[in-house]
Amino acid sequence: MPVVDPADVEEPAPPPRPSFLASLFSSTAVWILVIDVLLVIIFGFISINHTFWSIASLQVIGLDSATALILAVGIALLLGAGEIDLSVGAGLLLSSVYGGKVIIDLAGSGTLFAALVGLVVCLAVGAAIGLVNAVIVTRLHVSSLIATLATLGIATGIANIATGGTDLTGIPVALQDNFGVRAVASIPLPALVALVVWALAWFLFRTTRYGLRILALGSSRSAAERSGIRVKVQLATAFVIVGALAGLAGFIDLTRFATTNLAGHQTDALAAITAAVIGGTSLFGGRVSVGGVLTGTLLAVILQDGLVVVGLLPFYQLIAVGVVLVAAVFLDTRRTSGTLRLRR
């Protein structure tokens with residue numbers, strides 16, 4: 001039998017690298033962006049006098065996207081770690097209640113001073129809710145689904161008790177004029193703040209060890225523990241960050257409307273999860289698409305605002321968001337080959 005010299009054996013050629021366009025259009029975030037653009041075109045054509053294309057209408061989309069994007073970034077962070085937070089809407093609400101009370105009390109000391117203290121209070125209240133969630137999950141070993149469902153109810157109840165069930169009044173109008181609805185180069189300031197938060201999330205997952213460790217927790221909790229990652233500390237910081245982001249969203253919501261909205265945040269967590277998952281973040285952990293969080297948020301907001309502009313009742317918005325969420329989860333399970341992984 002002849003002996004073959006290994007040096008004479010040709011190695012198989014490496015597979016050709018996909019072209020730039022092929023790589024681009026294999027991204028879920030890019031396809032969602034295409035859908036976003038198509039929806040804007042469609043709603044613009046069918047809206048009366050094409051009002052959906054007006055600067056004012058696009059600014060409303062930007063304002064609505066601000067709080068939604070901040071919450072979606074937080075949800076994506078936890079989903080990457082294989083956890084979830086259903087209390088972000090309640091965190092937004094409770095932080096806006098106590099932040100608003102402080103702003104009203106300090107209004108006589110100057111709007112800027114009152115706003116800065118109110119912002120700190122909003123962030124602190126949100127972070128405190130995140131810390132409570134972290135303790136329940138990491139110390140009491142309750143699943144994040146149940147833990148945050150419980151704190152959702154608790155925080156909502158406290159917000160209603162603190163206000164007597166009525167929305168706050170007396171927020172300085174100057175705060176609304178100078179930040180809540182103000183625009184720079186036609187871009188609302190709250191939207192710019194949300195974009196900064198989104199950019200920081202991109203930086204975190206692209207360049208930092210913290211982001212890699214978050215994804216490691218979502219990929220395999222046991223492997224993360226064996227590699228020396230302090231799992232409880234990592235999860236605790238993630239919950240606190242998400243809570244603080246909810247507090248920031250609460251401050252933006254407060255400055256935009258110059259009041260609280262006790263009855264308006266029940267579906268915030270649903271919308272944030274939908275935006276993150278439809279954009280490519282895995283519902284089962286280990287994968288976060290920061291670009292998809294942005295395009296997924298825009299999809300939900302454009303769909304919601306477009307239905308309003310064309311004259312459909314708000315109830316249709318809930319149906320649309322629910323349908324999009326089902327589609328998002330279906331696509332996510334297909335991406336993970338139908339393997340549902342339950343995490344402790």
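Reader: Is A258 buried or exposed?

Author: A258 is buried, at a relative accessible area of 17%. Keep in mind as we go that this is a predicted model.

Reader: Okay, and where does A258 lie?

Author: A258 is in the loop between helix 11 and helix 12. Its backbone is worth a look too: A258 is not a glycine, yet it has a positive phi of about 55 degrees.

Reader: Which other non-glycine residue has a positive phi, of about 60 degrees?

Author: That would be H141, with a positive phi of about 60 degrees. H141 sits in the loop between helix 5 and helix 6. At 58% relative accessibility H141 counts as exposed, whereas A258 is buried.

Reader: What does I136 touch, skipping neighbours within four places in sequence?

Author: I136 is in contact with H141, V142, A147 and T151. I136 itself belongs to helix 5, residues 111–138, and is buried, with a relative accessible area of 18%.

Reader: Let's go to helix 6. Where's S144, and is S144 buried or exposed?

Author: S144 is in helix 6, which covers residues 144–163. S144 is buried, at 6% relative accessible area. Not counting residues up to four places away in sequence, S144 touches E83, I84, V137 and F239.

Reader: How many salt bridges turn up in the whole structure?

Author: The search finds 2. Besides R221 with E83, there's D64 with R256, whose side chains meet at 2.6 Å, N to O. D64 lies in helix 3 and R256 in helix 11, so that pair ties together parts 192 residues apart in sequence. D64 and R256 are both buried as well.

Reader: Switching to pockets. How much space lies in the largest one?

Author: About 710 Å³. The lining has 29 residues, and G264, H265, T267, D268 and Q304 lie nearest the centre.

Reader: Which helices each supply at least two residues of that lining?

Author: Helix 3 (55–80), helix 11 (231–257), helix 12 (268–278), helix 13 (290–309) and helix 14 (314–335). By residue type, the lining divides into 16 nonpolar, 9 polar and 4 charged.

Reader: Tell me about H265. Where is H265, and what does its side chain pair with?

Author: H265 is in the loop between helix 11 and helix 12. Its side chain makes a polar contact of 3.4 Å with that of D253. H265 is buried, with a relative accessible area of 11%. Leaving out neighbours within four places in sequence, H265 is in contact with G89, L92, L93 and D253.

Reader: Now helix 4. Is Y98 in there buried, exposed or partly exposed?

Author: Y98, which lies in helix 4, counts as partly exposed, at 32% relative accessibility.

Reader: And what is Y98 in contact with, neighbours within four places aside?

Author: V121, V125, I158 and A162. For a C-alpha to C-alpha distance, Y98 and C122 are 6.9 Å apart in space and 24 residues apart in sequence.

Reader: Last bit, the whole chain. What's the secondary structure?

Author: It comes to 14 helices and 2 strands. Of the 344 residues in the chain, 46% are buried.

Reader: And of contacts between residues at least 6 apart in sequence, what share joins residues at least 24 apart?

Author: That share is 77%.

How values were computed:
Residues numbered from 1 in each chain as written. Predicted model: local features only at pLDDT ≥ 70, side-chain atom pairs only at ≥ 80, totals over all residues. Heavy atoms only, no water. 1 Å grid on protein atoms, 1.4 Å probe; cavity = no way out; pocket = protein on both sides within 12 Å on 5 of 7 lines; lining within 4 Å. Points joined across faces, edges and corners; volume = space filled by probe spheres on them. Helix = DSSP H or I, 4+ residues; strand = E, 2+ residues; numbered from the N terminus. Nonpolar A, V, L, I, M, F, W, Y, C, P; charged D, E, K, R; others polar. Salt bridge = Lys/Arg side-chain N within 4 Å of Asp/Glu carboxyl O. Buried < 20%, exposed > 50% of the residue type's maximum accessible area, 1.4 Å probe, protein only. Polar contact = N/O pair within 3.5 Å; in protein donor to acceptor, adjacent residues only side chain to side chain. Contact = heavy atoms within 4.5 Å.
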